[in-house]
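Dear colleague,

Please find below the structure that I am handing over to you. My notes on what was found in it follow directly after.

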Amino acid sequence: SRPSAKNTLPATLLVTGGHDVLQDEGKAYAQALEHCAAQVQYLHFPRLDHGFMHFIAINREAYRAAKQIAQRLRHLCQTALANECTTNAESSTQLN
């Protein structure tokens, strides 16, 4: 059986670029988290470098990537918050 980290690890958003020195490690880490049943989203931008977020004001592709990252992060946070509220409600019901 697979080890489960679903209730112990936070939801994770991993981002790499195609010219990122940490691309291989990022992808491997995302796969390891998935193997542990953790909630993980992996975004890869093949034409961008490590640190591309510093260039969103001058690079259109970096800007579009930043918008996509923000959307995914917003969704991840909303999902995590909804799950936390559900868990707290269930715990509260069990105590009564």
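Ala37 sits in the loop that lies between α1 (23-35) and β2; helices (H or I, at least four residues) and strands (E, at least two) are DSSP runs, numbered from the N terminus. The model is a predicted one, in which local features need pLDDT of at least 70, side-chain atom pairs count only at pLDDT 80 or more, and totals for chains, interfaces and linings use all residues. Residues are numbered from 1 along each chain as its sequence is written, and side-chain values use heavy atoms, with hydrogens and water left out.

The phi of Ala37 is near 70°, a positive value in a residue other than glycine. Most residues other than glycine have a negative phi. Ala37 is partly exposed, at a relative accessible area of 23%; buried means under 20% relative accessible area, exposed over 50%, and partly exposed in between (1.4 Å probe, protein chains only).

**Overall layout**

The chain contains two helices and two strands, and along the sequence they follow the pattern β-α-β-α. Of its 96 residues, 22% count as buried. The chain exposes about 7200 Å², of which carbon and sulfur atoms supply 54%; accessible areas come from the Shrake-Rupley method with a 1.4 Å probe, and for residues only the protein chains shown count as cover. Among contacts (heavy atoms within 4.5 Å) between residues at least 6 apart in sequence, 65% join residues at least 24 apart.

**The nonpolar cores**

Which residues make up the largest nonpolar core? There are seven: Leu43, Phe45, Leu48, Phe52, Ala62, Ala65 and Ile69. A nonpolar core is here a set of buried Ala, Val, Leu, Ile, Met, Phe, Trp, Tyr and Cys residues joined through side-chain atoms within 4.5 Å. The elements that give two or more residues to this core are β2 and α2 (60-95). Apart from this core lies another, of five residues, among them Leu14, Ala30, Leu33 and Val40. In soluble globular proteins, nonpolar side chains tend to be buried together.

Leu48 belongs to strand β2 (residues 40-49) and is buried, with a relative accessible area of 4%.

A search of the whole structure finds one aromatic pair. Phe45 and Phe52 form this pair, which is edge-to-face, at 5.7 Å centre to centre and 65° between the planes. For such pairs, rings of Phe, Tyr and Trp (its six-membered ring) must have centres within 6.5 Å; planes under 30 degrees apart count as stacked, over 60 as edge-to-face and the rest as tilted. Phe45 is buried at 10% relative accessible area, and Phe52 is buried at 8%.

**Polar contacts**

Thr16, in strand β1 (residues 12-19), is buried, with a relative accessible area of 3%. A polar contact of 2.8 Å joins its side chain to that of His44. Such a contact is a pair of N or O atoms within 3.5 Å; within protein, one must be able to donate a hydrogen and the other to accept it, and residues adjacent in sequence count only if both atoms are side-chain atoms.

Gln41 lies in strand β2 and counts as buried, at 16% relative accessibility. The side chains of Gln41 and Arg72 are joined by a polar contact of 3.3 Å.

Asn59 is placed in the loop between β2 and α2 and counts as partly exposed, at 31% relative accessibility. A polar atom of the Asn59 side chain lies 2.8 Å from the backbone nitrogen of Ala62.

**Cysteines**

The structure holds zero disulfides, a disulfide being a pair of cysteine sulfur atoms within 2.5 Å. Cys36 is partly exposed, with a relative accessible area of 24%, and Cys77 is also partly exposed, at 47%.

With kind regards
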